[in-house]
Amino acid sequence: MVRGIILVLSLLQAGSWLSAAQTSSAPDTPEAGSVEAIAAATGDKHFLSPWVSYLPHSATVPSPLNFLGRIAGAPGELVDSAKAYAYCRALAAASPRVRVFTIGHSEEGREILMLAIADENGIRDLDRLKNATATLADPRRTDPAAAERIIANARPVYYFNAALHSDETGSTEAMLEMAYRLAVSQQPMIQRIRQQLVVLINPVSNPDGRDKVVEWFYRYLKGKTDRNTLPRQSPPYWSKYAFVDINRDTHQQTHETTKAVHRMFHQWHPTVVHDLHEGSPFLMTWNGTGPYNPNIDPITYTEFLELSFHEVQTLTAMGMPGVSTWNFGEAFAHLYLDSVAMNHNSIGRGYETWGNGTAETLRRVVPPAEASMEWYRPLPPPAGEVDWSARDNLNYQETAALAALDYSAGSAKAMLRNFYQKGWDSWQKGLNEPPYAFLIPDGQGDRTRVAQMVGRLIGQHIEVGLSQQELKLKDGDYPPGTYVVRLDQPYRNYAVDLLTPQRYPKDGSEPYDDVSWELPAHYHLQAIPTADPAVRSATLTPLAEQPHPAGDVAGGGPVFLMRDTGQEELLTARYRLAGFNIEVADHAFQAGGIEFPAGSWVLPAQSGLINAVRFTANDLGLDFVSAAAVPDVPRHPEKAARIGVWVPWADTDSIGWLRYSLDQRRIPYTYLRDEDIRAGGLRDRVDVVLYGHVDLELAEQVQGLPKAWGPMPFKKTPQTPSFGTPAESDDITGGIGWEGLAQLQRFVEEGGLLVTLGSGSMLPLEGGMVRGVRRSSGGVPRSTQGGGPDSAAAAQQAATRTPGAHVRVTFDQPDHPLAYGYPAQTYVFRQNFPLYDVPRHWLRMAYCTTCLDGPEDRSPIVMEWGDRSGEPFVVSGQAWGEARLIGRPAILDMPAGRGHVVAFNFNPMHRDLNRGDQRMLWNAILNWQAILARKANQSDPSNKVAP
Ligand SMILES: [Zn+2]
């Protein structure tokens, strides 16, 4: 009926809906004007359900129509966080069925607010209900009989998370309207939801981003309805650091939004955490196509299918086309915001509805591939053009959410029983099958990194103890001070998932995101499983928070030495000691009977040194030893580099994590915008330019956002008070241009060090700042990730892919400063990046005047892909087509003029996860002068530079 035609609302249609809505609204009375306004904002009668076709009238509680002066989802309007929160407070003030909680504050200081909705009894009993789910979460203190008694008077808590991705704008208003409906409607279905559940709603989970996007809409998008000529739909920043990646933060919990939701989770133990996204026509309710993560309790996979099928069935029965499930992502990686539930015995789920990225109605096209009838899409959306409105999007979100709540209310006791059962299963597995524990030895070359990894586990409410005595187990002995993760605990499954390698099936469908998140691999540390149940009789001190190990200062100087054993904190130490002379040993040496590897620090006698060393040792967990005189070893003095971080306006997402990591360590740097690069004089301002991974092709890296959109200021004004953070611009379009590229080249030629990560390395290698490196066929840029199962088979055959896996590498130059702290054979985390050939000399042959066909020159290769000693390529995750990758450059160090380009073919700064890879980048910063002093073909860096 709607296939291939354009649907336009007529007044006649609106009139004919009125009676149907009035019939279905009983016993509610529709609020005056609400039926007409909702009908007028809806594009086609099939895009509306009776449930959301009116607002129930209330004499005491303000409706969104009443409060906003318009219906939620009205065309051309978006509510910002202040107004959304004001409405939430008005609702809570007027209704005994609603309460408001502040669950956190954003990076820019905005409140993160949550509503709790239930009947009057539920609201009065919130503390008891919270206590009930908390008790069910731990089967060690709640036996099955006690659990049944608790379940009889407990309720599932259902949590909705809106507007995490700020340009997915519809869910905030959908949730405000649903909150009102849940609070006041007298429909039997709504009454049962209120009686059986506690509904939590976070209407603006990323308020910094929401306010920027709302201002962006009014400044650049309002009134524009032609999708073909729309300017960029999103400001360059949402949050201070992350953009889309903000929902890839569950394991590491770095963003305030993630922290708030995790805190909420461990207070309320919601049975469902439901994240509202926008991306598919018209509503996709997540399940994943498989492969499935074996460390999630299998009950969960049936639970989320049940919920999804109920939604598909309910909306399909209402005649709403385009509601589907299954065909989106896999279900192997649980690294998203909702995954806090998946990883802690609850249900994490989400929608992708069809958002316009603007509040205006747009003519959209449903691709034929998404319009076929399938078992997972029984009533497909119409192929071809559709006029789609913000209210259409809202109607689908709110109707499906109500269907999910209706299902949960009808299955309340079963859902609670499953929640308890999953905790029980996890605990029992740890009691009855090996491994019985993981042992994390202290030290491991970097005791602070060990403590940080333990801190991440504790942050997930995984219990970790510190052993008080020597542990003699049948598979190994461990000294006192070893960290022990016993697996007889409710979150055993998550502990196993985080502490063991991932094995993504080689014949599995195309993964949506990373395929490895193993913490020991990310941290380059060991966590050793034990099959000896005797570990349970060890005396352990439970750890309530991340340990903070202090370092040791042996002796009183005047010279101090520090062994380089791979400590990640060396970069921080260099800037804590910024005013002091530090020299770095080119080779291993002995002093006082101790072996010092290459990269170890020599701090000559200087005023104030001892206090600074003591402070640094204590703060960062680093050990210093005293010497009477400087040792006789070739070494290079290294000043603390002046760092510049270039963040192109066209993509701020991945570099946000690099900024985050520097900010956390309080490393000073200059934020370089496109216009700062264009302005030149870079060598006067900074010594090292860091250019991180960007999801941009070469032309986009140079030319940036289309100039046709410009000028696009991103500045604080009375109309746009949220703009201009963390950086401002008079015009974010145009990129660095050829002009900026020339300035970068000048920076290098004048003796600067340019370090590029991931796809950022396309700029120097393919842009020609350094020569001799050709891009090989067979690699894929990261942006082809998430292609869905249809593209998987072809992609697997065609390309080399490491979609977020830990894979082995070999240092070709183990004495290069980039290798300090690492063994010659190690591994790093790699996503899908272009593949580069081994550099070649240029030969000008008559038959081939433009190709690189001379002899290979391996001298710029610092590190190559693969393990020369023959270890399996994959450490954790999976790789495809790896034969083409092995032997090719993983890190190149190429001189150009008086400077150098160091190009990484991976991203050592991936979402603050791969902490063990970061030292390679820190090495470039710490040893910038030594790298600049290296000549082409130089494998022995024994020449010294002037301090
Ligand atoms: Zn999203």
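I began with E433, which I found in the loop between helix 15 (412-432) and strand 11 (437-440). Helices here are DSSP runs of H or I with at least four residues, strands are E runs of at least two, and both are numbered from the N terminus. The model is a predicted one, where local features need pLDDT of at least 70, side-chain atom pairs count only at pLDDT 80 or more, and totals for chains, interfaces and linings use all residues. Residues are numbered from 1 along each chain as its sequence is written, and side-chain values use heavy atoms, with hydrogens and water left out.

I looked up the exposure of E433 next: its relative accessible area is 36%, so E433 is partly exposed. The scale runs as follows: buried is under 20% relative accessible area, exposed is over 50%, and partly exposed is in between, with a 1.4 Å probe and protein chains only. I also checked E433 against E871, 438 residues along the chain, and their C-alpha atoms are separated by 29 Å.

**Zinc site**

Which atoms hold the zinc ion? I noted H165 (ND1), E168 (OE), E168 (OE) and H277 (ND1) as its protein donors, at 2.0 to 2.4 Å. Donors are N, O and S atoms within 2.8 Å of the metal (3.2 Å for Na, K and Ca); water is not among the atoms, so sites may look incomplete. Along the chain the donors follow the spacing H-x2-E-x108-H.

The angles among the 4 donor atoms run from 56 to 151 degrees, and the site is irregular. For reference, four donors count as tetrahedral if all angles lie between 85 and 135 degrees; four count as square planar and six as octahedral if opposite donors are over 155 degrees apart and all others between 65 and 115; anything else is irregular.

**Around the site**

I then turned to N247, in the loop between helix 10 (207-221) and helix 11 (256-268). N247 counts as buried because its relative accessibility is 4%. Setting aside neighbours within four places in sequence, I listed L164, H165, H277, L335, Y336 and L337 as in contact with N247, where contact means heavy atoms within 4.5 Å.

A163 sits in the loop between strand 3 and helix 8. Its phi is near 60 degrees, a positive value in a residue other than glycine. A163 is at 1% relative accessibility and therefore buried.

**Other backbone notes**

H524 also has a positive phi in a residue other than glycine, near 55 degrees. I placed H524 in the loop between helix 18 (519-523) and strand 16 (528-530).

Two cis peptide bonds went into the notebook. One runs from G710 to P711, with omega near -10 degrees; P711 is in the loop between helix 24 (698-703) and helix 25 (737-749). Another joins T725 and P726, with omega about 0 degrees, and P726 lies in the loop between helix 24 and helix 25.

**Cores**

The largest nonpolar core has 153 residues, and V485, W601, L690, V755 and L921 have the most contacts inside it. Helix 28 (residues 915-926) gives the largest share of this core, 6 residues. A second, separate core of 76 residues includes L65, A72, L276 and W354. By definition, a nonpolar core is a set of buried Ala, Val, Leu, Ile, Met, Phe, Trp, Tyr and Cys residues joined through side-chain atoms within 4.5 Å.

**Aromatic rings**

How many aromatic pairs does the structure hold? I have 36. Rings of Phe, Tyr and Trp (its six-membered ring) pair if their centres lie within 6.5 Å; planes under 30 degrees apart count as stacked, over 60 as edge-to-face and the rest as tilted. W238 and F243 are stacked, because their ring centres are 4.0 Å apart and their planes at 20 degrees. One aromatic cluster is formed by F47, F282, W354, W388 and Y396.

Last, I looked for charges over rings (NZ of Lys or CZ of Arg within 6 Å of the ring centre and within 35 degrees of the ring normal). The charged end of K130 sits over the ring of W268, 4.5 Å from its centre, and R801 lies over the face of W880, at 4.6 Å from the ring centre.
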